[in-house]
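Let's walk through this model together, one feature at a time. Keep the sequence and the 3D view open as you read.

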Amino acid sequence: MSANQPVIELFGRESEQRRLGEFVDGVRKSGGAMLVRGEAGIGKSALLLDTARIAASRGMRILRTAGVESETHMPFAGLHQLLLPLRTEIGELPAPQRDALGAAFGLTDARVPDPFLIALAALNLLGEAAAHSAAHSPVLLIVEDAHWLDRASADVLAFVARRLDSEPIVLLAAIRDGFPSPLDGAGLQEMLLDRLDDTAATALLDACSPTLTPAVRTRLLREAAGNPLALVELPIAADTRDGKGPLPPGWLPLTTRLEQTFTARMSGLPPALRTMLLVAAINDSTALSETLDATALITGVPVTADDLAPAVTVRLVDVHETGVSFRHPLMRSAIYQGASISQRHAAHAALADVLTGRPDRRLWHRAASTPRPDESMAVELENTARSVRRRGDLLSAVAALEHAVRLSENPAHRCERLVRAAEYAAEMGRRDIVVRLLGEDEQPPLSAQQQARVVWIRESFQDGIRDDSAAAHSLADLAETTAAQGDVDLALKLLSSASLRCFWAHADERSRQRVVAVAETLPVDDLDGRLLTVLAFAAPVERGKVVIERLRRLAAHPTGGRPAARLLGSSALMVGAFDLSEEFCAASLPILRAQGRLSLLARDLGAQAWSAARLADLSVAIPAAEEAARLARETSQPLMHAIAQASGAVLAALRGEQDRVERLAVAAEQVALPVGARPVLATVQLARGLAALGEGRYADAFDQLRRMHDPADPAFHLALRCFSVAELADAAAHSGQAHAVAGVIEELEAVALTTPSPALHADLRYARAVLADEAAAEPFFAAALGADLRRWPFVRARVQLAYGEWLRRQRRTAESRAPLRTARETFDALGVIPWSERARQELRASGESSRRRSSEARDVLTAQELQIAQMAADGLTNREIGEKLYLSHRTVSSHLYRIFPKLGITSRSALSTALRVPA
C-alpha cells in the first residue's frame, strides 16, 4: 500500500473492524485464517483494505491475490500471484518443495507433483518469509474474490489455512454469498457481513454524494437497501445535476442494477477506450502492456496509458505503472456481459497475437476466439493436454480437453476427448468436474469401450456402497468384455470397483465368485498388487490361502516397481495377516509421503491403524489412526474418515478410555449407517465390545459383538467378523452364554478349513480353550500357547491370561502365577490398561501383589505428539518431520515445546529414554 493512499472511512463496520484488528494483532501469539463472507458490494474488499492498512502500520508484510473469473481454468494462477513477491526466496526451500513450486508455476518442465506437496512448499515459503525477514515481520495474506480462485490455488490455500496455528501468518479471504469454495470446508473462522443499518447507510450516502436532492436521496437509500457499493455507485449513474435523471429500475436484482450502472458509465467513453476496457476485462493478466498492444491490434491505431484516463475519472479502473485493474469485480463482469460475442472473440484473438512469448496463455485465448468447431485447434488442444498430463498437471489437461470438446468437428473425437477429460478429473478425485462433463445432455453416442470407461469413472466415486450384488456381477461381466478387447488395465479397474462393492456391502456368493473368476483369467503377474487386492476384497475366505501365500512371497523377496504395491497392506488386512499388513503399509507410507499423495496416504494409514490395533501395537496404531482421520477429512473421504474414527474407538477401548470410545463410535456410525458402510459398523461394534470387556461387562460385550456375526445386522461383515472371535468367545464364556455361540464357532471352524488366516486361526484356538468344558480345556490351552505368536504378543498374552484364570479356577494357584505374571508384563508393555488391570486382579486373587503400572508417553501425549516424539527420537530433524507429516517445521517445534514438559525432559536427546516402555 502506498504511503499517500487515502484512508477511506467505513460506516457501520466498527465491530467488524475491531474484530479483524484483534485477529491480526493476535499473530504475535498464533496465526490463523478467517473468511469474510457477504453479498456482492457488501464491503468485503473495503474491510480487507482497511485491515491491510492497519497491518501495514504494525509493520506486517502484506501479500495479495485475487480470484478472476477468466483465470479459473488456469491452475495455480492465484497462488502464483500471491507468491510472486517471494520468487527469489523459493530457491531457499528444500529441493523437492522448490521443484514442486517451479513445476506448478511453469518455471520448469518437471512433472507437476501432487498438489499437497505444492501446498507444503507454499506453507514453508510463507513461514520462512515471515520468520527470516529483516524485521521478523508477520505476514498478512489478503485473498480477494476467493470464490473465483482457480481450484488448484484454492486447495493450496485451504491446506495452508488449516496449518497456521504455529505460524506468524494471518490469512483473510473474501467470499461472495452463493459461491462454493474449497475454503468453505477448511474449518475456518467466518465473519458474515450484513447490510448497513439506516443510520450508517445514510451517513455513507451523504459522505459520497452530499449534493443529492431529497427525492433522489430517498430513492437511492431505498434502492441500495444498505448495500455499501450501491450507495457509492448508484448516484454516479443518476443525473443529479438538477435533481432529475434516469435511475436504474428497482425491480432488478441488486448486482444487475450495479452492473447496469457500470455499463452506463461506459456509454460516454470513446470507442477505443471501450475496446481497451473489454480487452482488460478478458485478459487473464493485469499487465498494462498486453492490454495496450491488443487494443492497438483491434483498433488499428496506437494507444497509451493516457487513453485510460477517462475510465479512471469515472472510477471504473485503477492504472499503475505496469498494470490496470478494475475497481470491483462487477465492473469487469459488466463490461464483459455488455460486449457482443464477436467483440469478445476479437479481444481474445488480439490477446493471442500479443502473447507470442507465452504459448500456454496464447493457446487459451486462441481457443476462446474461435467461434465455430475447428478440428485443427481441437487437435492442438488435445496435444497440449497430453503434454501437461505427462508433467502431472491434470487440471490443465482437463481444461485443454474441455476446450477441445467444444471445438471438435468429428463426433467420435469429441466423445473420446470428453471421456478422457472425465478420466483425468476422476484421477484427481474431482467429482464436480466429472458430473459436469458426463452430465451433458447432448453427448454423442459412446463406443462400448468408452461406456466401460465411463462406468469405471462413476464407480470410482461410489466406494462400493449399497447392498447391490447385481452391480458387482455386472461390473465383472463388463471387465471380462473389456479384457477380451485388449484393455486389461481398464478391466482391473472395473474389477477393483466390483471388489470394493463386495467389501463395503454384502455381495452374494455368486457375485463374489464371478469377480474372482474374471480376475483370475486376466493375463497379469500373479504377484500384481491390483490382482491380489481384487481377490482379497472380493473373496477373503475363498482366496485367503492364495493371497496369503503370495503376500508372504512378496514380503520375503521385496522388489520395487510392482503395480499397486501400496495396496498390499489392505490386502493383508482383509485375509487376517495383520503382521504382514503392518509391514507392507510401513513400506509404502514413505513413498506416498514423498509424493504428497495424501488421499492414498489416508487409506494406507487407515489399513495400518486397523491392523496395528488388532495387534495392540499402540505406538503404531494411535498416530496412524489420528493421521488417517485428519487426512481423510482433508481429502474429502468421509467413509475413510469414519473407519479411521472407528479404529480410534478400538484403540480407546484397548486403553480403557470409555468416554472416547463412545464419542468416536457415534461419530463413525452417523456417517456409516445412512449408507450401510458395513466395515465401519463392524469396527464400531468391535470397539464397543472391547470397551465392555475392559470394564467386565461381559453380557453387554456379548450383545455388541454378536451383531457382527448376524447376517441380518448392518454390522455383519464377511471378513471382519472373522477377527472378533476371541472377544466373542471371551464374552460368552464369562456371561454364561457359551451355548449361544456354538453355531458361530462351528461356522468359522468350517471357514478355517478354507483359509490359513493367522488372525482367524489364533482366535479359534483361543475360543476352543475358553469355551471348552473345564475338565477338558488344558489341551486346548496348550495348543494355543504352542502356536508361533512371536509377532502377535497381545494374542499370546490374552491366552496366558485366560490360562492363568483357568488354572486358578482349578485350584492350581501356584501354577497360575507364571502365565498371569507374563501376561501382566506384556499388557503393561503394550499399554492395554484394562487387560493389565485384569491380570493384576487375578494375581491378587492368587496371593501375589503387583507393582503399580508406571505412567508412559502414551498416557500423556496426544496422538500427533506421540508421532512427532517418535520421529524426533529416531533422529529426524524438525524439518524432516514436517515434510513427512505435511506440517511446517515451526509447528513441529511448537509440538516438541509442549512434549518435553509432559515427559519430564528438557532435551531432544532424552526422548528415546522417555518413550521407552517402563520395565
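Q: Where does Ser636 lie?
A: Ser636 is in the loop between α30 (618-634) and α31 (638-655). Helices such as these are DSSP runs of H or I with at least four residues, and strands are runs of E with at least two, numbered from the N terminus. This is a predicted model, where local features need pLDDT of at least 70 and side-chain atom pairs count only at pLDDT 80 or more, while totals for chains, interfaces and linings use all residues. Residues are numbered from 1 along each chain as its sequence is written, and side-chain values use heavy atoms, with hydrogens and water left out.

Q: How do I read confidence, and what does the chain average?
A: pLDDT is the predictor's confidence in each residue, from 0 to 100. The average for this chain is 89, and 94% of the residues score at least 70. Please be careful with residues 1-7, where pLDDT stays under 50 and the model has 6 contacts beyond four places in sequence. Residues 239-245 also stay under 50, with 8 such contacts. Contact means heavy atoms within 4.5 Å.

Q: What is the phi of Ser636 near?
A: Most residues other than glycine have a negative phi. Ser636 has a positive value, near 55 degrees. Arg811 is another non-glycine residue with a positive phi, near 65 degrees, and its place is in the loop between α39 (793-809) and α40 (813-830).

Q: Is Ser636 buried or exposed?
A: Buried means under 20% relative accessible area, exposed over 50%, and partly exposed in between (1.4 Å probe, protein chains only). Ser636 is exposed because its relative accessible area is 63%. Arg811, at 76% relative accessibility, counts as exposed. Arg916, in the segment after α46 (911-915), counts as exposed at 54%.

Q: Which residues of helix α8 are buried?
A: An α-helix has 3.6 residues a turn, so residues three or four places apart point the same way. In α8 (residues 214-224), the buried residues are Val216, Leu220, Glu223 and Ala224. They cover an arc of only 90 degrees around the axis, so they sit on the same side of α8. That arc is taken from the directions that run from the helix axis to the C-beta atoms. Pro214, Ala215 and Arg222 are exposed on the other side of α8.

Q: At what angle do α44 and α45 pack?
A: Axes are lines fitted to C-alpha atoms, for helices over the stretch in contact, and angles run from 0 to 180 degrees between N-to-C directions. Under 35 degrees counts as roughly parallel, over 145 as roughly antiparallel, 65 to 115 as roughly perpendicular, and the rest as oblique. Helices α44 (residues 878-885) and α45 (residues 889-903) pack at about 110 degrees, with their axes 8 Å apart. The two are therefore roughly perpendicular to each other.

Q: Which residues meet there?
A: From α44 come Asn878, Arg879, Ile881 and Gly882, which meet His889, Val892, Ser893 and Leu896 of α45. These divide into 3 nonpolar, 4 polar and 1 charged. Here Ala, Val, Leu, Ile, Met, Phe, Trp, Tyr, Cys and Pro count as nonpolar, Asp, Glu, Lys and Arg as charged, and the others, Gly among them, as polar.
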